[in-house]
Amino acid sequence: MAKVRTEDIIKEFNLELVSGEEGIHRPITTSDISRPGLEIAGFFHYYPAERVQLLGRTEVKFTEMLMAGERKYRMKQLCTDATPCIIVTGGMEVPEELIEVSEQHSVPVLRTPMKTTGFSSRLTYFLENKLAPTTAVHGVLVEIFGVGVLITGQSGVGKSETALALIERGHRLVADDCVEIRQVDMDRLVGTPPPLLEHLLEIRGLGIINVMTLFGAGAVRPHKRITLTIHLEFWDGEKQYDRLGLDEETIKIFDTEITKLTIPVRPGRNLAVIIEVAAMNFRLKRMGMNAAKQFADRLSDIMTEEEKAQFD
């Protein structure tokens, strides 16, 4: 099933449908947009027919210079079975020949009063978000001091309870139980909740609670970029856990590497405070302040001084 159809951008940008109404259910498969200036000039060898076609003032004015027969022929070549739609910007008059052939081939011709550059940017952003690769992860996504933290772990480890404690401390919930992740850029992952679970949090023994109703609109947000992953696991006495923080582990989601921390869970550990501090420490590292590295450097300096003293 297509993620985006022509009718979706008509609704999103309130576009005027000029002709070709039968084709408004055509799928849009790429976020790339084409301005077919060369094609209108007669060069159709590399025509990207699968893209949304954008006609601005330059393209429309050029068509007015063509003879009626040539203009109709080139408009017909623009309207292929793969073309999702043709959009005329700036409120320009649509060429009669384009209206005629678009009706014949059921290619929607739309119009917007927006200027070409601004509309192109908004449409590209919309399509990139809608067409981005998407996956679903079992976990909780919260915003802590501006950092999007994805909390994962097996069922019953305490992810939702930890999220509730973080919300009580003033942080914000994005999604609980299921996090839908989209790769909107090569290094940018954005998490959102499924519509059914938006603003909801499940606490075992208590049931489902509505976070926005209980804590207010400031306790939730609809989406957040994910920059840190924290994996909760039951304490394993035989496993060696990182005690300095020098070894940085990462996890790959699509093509993006995300910093991953593993936190063992056992009675007496305040996970909300630990995760809160982990988010603050992550921010400091991104600003160039690494406490673990500073400690290692100081330790190395002390050892070097002691070695020198032995030989003096």
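**Before you start**

This is a predicted model, in which local features need pLDDT of at least 70 and side-chain atom pairs count only at pLDDT 80 or more, while totals for chains, interfaces and linings use all residues. Residues are numbered from 1 along each chain as its sequence is written, and side-chain values use heavy atoms, with hydrogens and water left out.

**Stop 1: the whole chain**

Ten helices and 19 strands make up its secondary structure. Helices (H or I, at least four residues) and strands (E, at least two) are DSSP runs, numbered from the N terminus. The chain is more spread out than a compact globule, because its radius of gyration is 28 Å, well over the 20 Å that the globule rule gives for 312 residues. That radius is taken over C-alpha atoms, and the rule is 2.2 Å times the number of residues to the power 0.38. Along the principal axes, the C-alpha atoms fill a box of roughly 95 × 60 × 30 Å.

The protein chain exposes about 17500 Å², and carbon and sulfur atoms supply 51% of that. Areas come from the Shrake-Rupley method with a 1.4 Å probe; for residues, only the protein chains shown count as cover. Of the 312 residues, 44% are buried. Buried means under 20% relative accessible area, exposed over 50%, and partly exposed in between (1.4 Å probe, protein chains only).

**Stop 2: the largest core**

Select Val142, Val149, Ile151, Leu201, Ile230, Leu232 and Ile275. These have the most contacts inside the largest nonpolar core, which has 29 residues. A nonpolar core is a set of buried Ala, Val, Leu, Ile, Met, Phe, Trp, Tyr and Cys residues joined through side-chain atoms within 4.5 Å.

Which elements each supply at least two residues of this core? They are β9 (140–144), β10 (147–153), α7 (159–168), β14 (200–203), β17 (228–234), β19 (256–265) and α9 (271–286). Helix α9 gives the largest share, six residues.

Zoom in on Val142. Leaving aside residues up to four places away in sequence, Val142 touches several others, including Ile151, Ala163, Leu166 and Val174. Contact means heavy atoms within 4.5 Å.

**Stop 3: the second core**

Select Phe44, Ala49, Ile86 and Val107. They are among the 18 residues of a second, separate core.

**Stop 4**

Pro194 sits in the loop between β13 (188–192) and β14. Is Pro194 buried or exposed? Its relative accessibility is 12%, so Pro194 counts as buried. Beyond residues up to four places away in sequence, Pro194 touches Cys178 and Glu180.

Move to Phe234 in strand β17. Phe234 is partly exposed, at 41% relative accessibility.

**Stop 5: two positive phi angles**

Select Asn14, in the loop between α1 (6–13) and β2 (16–19). Its phi is near 55°, a positive value in a residue other than glycine. Asn14 counts as exposed, at 67% relative accessibility.

Finish at Ser106, in the loop between α5 (96–105) and β7 (109–111). Ser106 is not a glycine, yet has a positive phi of about 55°. At 18% relative accessibility, Ser106 counts as buried.
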